Amino acid sequence: MAERSAAAARRPATAAASLLSIGQVLAKLSPEFPDLTPSKLRFLEERQLISPSRTESGYRKFSPTDVDRLRFVLTMQRDHYLPLKVIRGYLDELDAGRTPSLPLGGAVPAPSMLATERRYSRDELVREAGATAALLGDAVTASLIAPGETYGDEALQVLRSLVELQRSGIEPRHLRGFRAAAERELGLIESALIPVSRRNDPSSRARAAELAVEIAGQLEIVRSSLIRSALGRLQS
């Protein structure tokens, strides 16, 4: 009985030791999400996407589950351009014990199953993509992949696509216009954000970041629709 009581007494201390402060969470996630800031964390909490615990002094403390959930939210925003209300709806369903799906063509793993993004050296990236060093160099020259010492999963996906396109005779130099089109879209987004960006406070900056992702997602829908329409003409 005494041993069980001692073990029970140790558990809260162990749990408390695993909790992270805002600064520790930023240090842990900033390599994956460089735009993450304390104001963004507070904004996501206001939107009830994360619910960190509080100390008696009112400081936020994040559990490993909170960090996994936060990583999931940020990944869905960055990689899939999903609005926060859609992500929150998914998480609410998940919390209720159901198996929801997101508009990504199927079910999405629970937040705790999401792994940290792997980083690849130049040689590893080329090998994993089944590419050549020359193709990667051409992709960097055409501004399709940003140069760097290491590369993430997004660069891997792009390089794999370029390998397949090359088999059809489409080279990175043929896609230079993609970068120009992306810059034009960025200009549209920046113009749309001007009214929000003028209010230079943490909440407005977080709202501007969210709105930018939402606008990018809507532009992606329009772009995909135009491509599908063009394909339809080719097939008719």
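Visitor: S143 sits in the loop between α7 (133-141) and β4 (150-151). What is the phi of S143 near?
Guide: This is a predicted model, in which local features need pLDDT of at least 70, side-chain atom pairs count only at pLDDT 80 or more, and totals for chains, interfaces and linings use all residues. Residues are numbered from 1 along each chain as its sequence is written, and side-chain values use heavy atoms, leaving out hydrogens and water. Most residues other than glycine have a negative phi. S143, not a glycine, has a positive phi near 60°.

Visitor: Which loop holds Q48?
Guide: Q48 is not a glycine, yet its phi is positive, about 60°. Its relative accessible area is 45%, so Q48 is partly exposed (between buried, under 20%, and exposed, over 50%; 1.4 Å probe, protein chains only). Helices (H or I, at least four residues) and strands (E, at least two) are DSSP runs numbered from the N terminus. Q48 lies in the loop between α3 and β1 (53-54).

Visitor: How is α3 oriented to α4?
Guide: Axes are lines fitted to C-alpha atoms over the stretch in contact, with angles from 0 to 180 degrees between N-to-C directions. Those of α3 (residues 38-46) and α4 (residues 64-80) come within 12 Å and cross at roughly 100°. Because 65 to 115 degrees is the perpendicular range, α3 is to α4 roughly perpendicular.

Visitor: Which residues of α4 make the contact with α3?
Guide: Contact means heavy atoms within 4.5 Å. On α3, K40, L41 and L44 take part. On α4, the residues are L70, V73, L74 and Q77.

Technical notes: Angles under 35 degrees count as roughly parallel, over 145 as roughly antiparallel, 65 to 115 as roughly perpendicular and the rest as oblique.
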